[in-house]
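Me: I have a structure open here and would like to go through it with you. Could we begin with the contacts of a single residue and work outward?

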Amino acid sequence: MQRRLQESVDEITRLRGTLGEVIDSLPSLILVVDRDGVVEQWNRRVEQFSGIAADDALGRQAAMLLPQFAGHLSCCTEVIEQRTSLAATKILVQSGQERRFYDLRIMPLEAAGNRAVVQIDDITEQVRIEELMMQTEKMMMVGSLAAGMAHEINNPLGAILQHAQNIERRFSPDLPANRDAANSVGISLELLGAYLEKRGITRFIEHIREAGTRASQIITSMLQFSVKGEVQPREVDLSQVVDQAIDLASNDYGLKKNHVFRSVSIVRDYDRSLPLVPLVVSEIQRVVLNMVMNAVQALSAEGAGHQPLITVRTRREGEQALLAIEDNGPGMDEITRHRIFEPFFTTKPVGVGTGLGLSISYAIITKHHQGTIEVLSNPGQGSCFLIRLPLIGAA
Amino acid sequence: MKDSAAVSVLIVDDDLMIRECLVAFLEDEGYQVKACSRAEDALKVIAENPPAVCLTDMRLPGMNGEELIRTVRAVAPGVRFLIHTGGCYELPDDLVEAGMNAEDVLLKPIHDLSRLARLVSARAGMLRE
């Protein structure tokens, strides 16, 4: 009898050990709580996540120990009483500039009526892949739409822009045919020119040309999504390419006139030991130019007394080259950050931004270079774009 | 340098507005200009009086621009072609082998018509480019 009892105790101990090991080796964060939300079990993953050892966690409120999930954990009593599971997906947990996503489920324990098991899974990678796929799909859609539309839109645009040029030319006293026609109807081209100027008509024609040019640039930009990178990448010094792009930005007429750009300090922090990176120089320069212009526009929103700063870093991260472009501007909120690479998404006034710059940068990095691009930002904390390019086997 | 008045240009485009603005511009520049809306009509004009330069759209009803170029090359190899297109266009190998290059492709809209004049003159053998 005594021996059988001992055997049963041993068996229970062994089973508990196995069960504990199983729970500890699961990839999920697992905790068991009672009807008051007090922790009864706390697996190794939760220990790693929270930095709180199981011995310290047992007997304490789960919501206090895991404040990131406090809102959901406060429903434990309800789950136990109503004997229905609760599930929440894509819970955003922000730690500094890092964003991670979690799925959480609270299930009542059927056998032990007054307890519930909480399972929390890190789904950050899954969410990133989903976002990446959505982004790629959107770009492909814009690309095929643009390819189809380009021909149809460029024809009327051609007529608008070219006729505007013809109109300007036919007002000019320099063309003999204009003078002959003016003479035949008894008017002076000089006086006609003065009238057109006085009534602002010459400016209206200029505006037609400018607006037409802007529209045609949008079509050209949209076509970028459908064009596979045709130029072969070559191995170059990334830091040097970034330097050239910053010089290009410095020479950009629009930026030269920008008082913020004139006062912005650009810190160049390059990893000189970074190996050569296979890339298409013109495309990466375009991306950097875009980022710098965006940063300058963001910095323009800051008030007087703010010292605008753009920091450009290159680093090696394993088999990837990292390029970080950071500004100390006003940063962006969650919604903006989420949509930042979306075609046609812009926070700029009409005519200032097309909402295509960053989505084209996205296409260049992810499609043409098999790299990744992400943004870290919070309101009031500036923005940091992180571009990672494979050091080998790209494009 | 030849006089532009001696240079004949044929425009082929199914869009009336595009034809009109190109004709107006090139006539102002002193060229002799004709225009057709279809490649089939262009073939008749070329057979009667081949122009020095033909500026053709690619997407045309019936015979397209590429077919027009190939057909004309067989019967009137002296006609030089410029392509005027609204979409992305890559020259096929046979036209590249025939001596055409990316500079012969003008994308719509043409932002600066004086570039067209320079190209037409250059293709016509004038020294304006």
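Me: Which residues is B:I11 in contact with, leaving aside its neighbours within four places in sequence?
Reply: This is a predicted model. In it, B:I11 contacts B:R19, B:L22, B:V23, B:V33, B:A35 and B:L55 once the neighbours within four places are set aside.

Me: And what is the largest nonpolar core made of?
Reply: That core has 82 residues. B:I11 is among those with the most contacts inside it, together with A:V288, A:A295, A:I325, B:V9, B:V12 and B:A42. The largest share, ten residues, is given by α7(A).

Me: Turning to α1(B), which of its residues are buried?
Reply: They are B:I18, B:C21, B:L22, B:F25 and B:L26. Viewed down the helix axis, these buried residues fall within an arc of 125°, so they line one face of α1(B).

Me: What covers them?
Reply: The cover includes α7 (124-171) of chain A, and from chain B it includes β1 (8-12), β2 (32-36), β3 (53-57) and α5 (113-123).

Me: How many residues does the helix itself have, and how far does it reach?
Reply: Helix α1 of chain B, residues 16-28, has 13 residues and reaches 18 Å from first C-alpha to last, close to the 18 Å expected. Just after this helix, B:G30 takes a positive phi of about 100°.

Me: Now the backbone. Which peptide bond is cis?
Reply: The bond from B:K108 to B:P109 is cis, with omega near -5°. B:P109 sits in the loop between β5 (105-107) and α5 of chain B.

Me: What is the phi of A:R83, and is that residue buried or exposed?
Reply: A:R83 is not a glycine, yet its phi is positive, about 55°. The residue counts as exposed because it has 12 C-beta neighbours inside 10 Å. Its place is the loop between α6 (76-82) and β3 (86-95) of chain A.

Terms used:
Residues are numbered from 1 along each chain as its sequence is written. Chains are lettered from A and ligands numbered from 1 in the order in which they are written. This is a predicted model: local features need pLDDT of at least 70, side-chain atom pairs count only at pLDDT 80 or more; totals for chains, interfaces and linings use all residues. Helices (H or I, at least four residues) and strands (E, at least two) are DSSP runs, numbered from the N terminus. The expected span of a helix is 1.5 Å times one less than its number of residues. A residue is buried if 20 or more other C-beta atoms lie within 10 Å of its own, exposed if 12 or fewer, and partly exposed in between; C-beta atoms are placed from the backbone. The arc is that of the directions from the helix axis to the C-beta atoms. Two residues are in contact if their C-beta atoms, placed from the backbone, lie within 7 Å. A nonpolar core is a set of buried Ala, Val, Leu, Ile, Met, Phe, Trp, Tyr and Cys residues joined through C-beta atoms within 7 Å.
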